[in-house]
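Work through the exercises below with the model open. Try each task before reading its solution.

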Amino acid sequence: MSNQVEASIYDYPKYYDLLFGSDVAAEFRFLKACFAKHAGCEVKRIFEPACGTGRLLIKLGRTGYEVSGNDLNPKAVDFCNERLRRYDLPETVVVGDMSNFKVKKKFNAAFNMINSFRHLATEKQAVGHFECMANGMTKGGLYVLGIHLEPTACPAMQEESWSARRGNLVVNSYMWSKGIDRKTRLEHLGLHVDVFTPTKRMRIVDHMEYRTYNQSQFMSLLKKVPKLEIAETYDFSYDIRNPHVVSGTTEDVVYILRKK
Ligand SMILES: C[S@@+](CC[C@H](N)C(=O)[O-])C[C@H]1O[C@@H](n2cnc3c(N)ncnc32)[C@H](O)[C@@H]1O
């Protein structure tokens, strides 16, 4: 590709949002069904840690929920707030670290659907995140957490690709695993995002690290934050009628965590 930049896809919120924001309907329906089925309180206020461009947060805000969020990336935060403003919603997203934050008003539900939690590189950060979430949530509140687990009974998926188009803008991405450092439990991932417009072609060459979890590593982490319990588990088909029992072959899981 002629024009290649080494950068983070998170610094290009428009392209990120097109890739991952074009089909939020299933996640949106699932979240609403979870609130109705599993929350021990009425859900009015929703928080998204690591909200990025706020693809789901905006939709929930437009439906009448009071929404807020945080993200480390100021470009994503600006993008999200600008969109909230466009829909006459308050600009409630802030730059912040999901492993160490406080909220002004407690929320009744939260969500983190596609692995952002795995950006937290250490056990200390992950525990910090769950503590902050539990402290910021009302009793009976829910945290819907979607992650890819490392399966123990079959090989893990090694690559994924996505494609999206809006008008003349086309974005294709390819992500692959470069391997896992067993000492740190960090998986090194490569990501290429190819952007096409009638006048421009560009490749964003990105690299990221995700902490790996198998089911027992996740359970031992959760034990450290006794304020949270697992209400149910699902998979990425987002079918509320079909809870998923986690096994050694499970790769994607949505934990429905509830504040005791
Ligand atoms: C895969 S994106 C997900 C964005 C959004 N949650 C979604 O579902 O589209 C991951 C996001 O996590 C953010 N992030 C990474 N580490 C973070 C941290 N420690 N605290 C807050 N945000 C973080 C990145 O800036 C990025 O916007």
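**Exercise 1. The ligand shell**

How many residues surround the ligand, and which are the closest?

Two notes come before the solution. The model is predicted: local features need pLDDT of at least 70, side-chain atom pairs count only at pLDDT 80 or more, and totals for chains, interfaces and linings use all residues. Residues are numbered from 1 along each chain as its sequence is written.

*Step 1.* The shell holds 19 residues.
*Step 2.* Pick out the closest: A50, G52, N73, M98 and H119.
*Step 3.* Sort the shell by class. Nonpolar means Ala, Val, Leu, Ile, Met, Phe, Trp, Tyr, Cys and Pro; charged means Asp, Glu, Lys and Arg; the others, Gly among them, are polar. The shell has ten nonpolar, six polar and three charged residues.

**Exercise 2. Strand β6**

*Step 1.* Locate the element. Helices (H or I, at least four residues) and strands (E, at least two) are DSSP runs, numbered from the N terminus. Strand β6 covers residues 137–148.
*Step 2.* Look for pairing, which takes at least two DSSP bridges between two strands.
*Step 3.* Follow the chain from β5 through helix α5 (residues 123–136) to β6. This β-α-β crossover is right-handed: with the strands pointing away from the viewer, the path from the first strand over the helix to the second runs clockwise.
*Step 4.* Turn to β12 (residues 252–259). V144 has I256 as its bridge partner in β12.
*Step 5.* Check burial (buried: 20 or more other C-beta atoms within 10 Å of its own; exposed: 12 or fewer; partly exposed in between; C-beta atoms placed from the backbone). Nine of the twelve residues of β6 are buried, so the rest of the structure largely encloses this strand.

**Exercise 3. Helix α3**

Which residues of α3 are buried?

*Step 1.* List them: R55, L56, L57, I58, L60 and G61.
*Step 2.* Six of its eight residues are buried, so α3 is largely enclosed by the rest of the structure.
*Step 3.* Identify the cover. It includes α1 (13–21), α2 (25–38), β2 (45–49), β3 (66–71), α4 (74–86) and β5, with contact meaning C-beta atoms, placed from the backbone, within 7 Å.
*Step 4.* G64 takes a positive phi of about 115°.

Technical notes. Near = placed C-beta within 6 Å. Contact = placed C-beta atoms within 7 Å.
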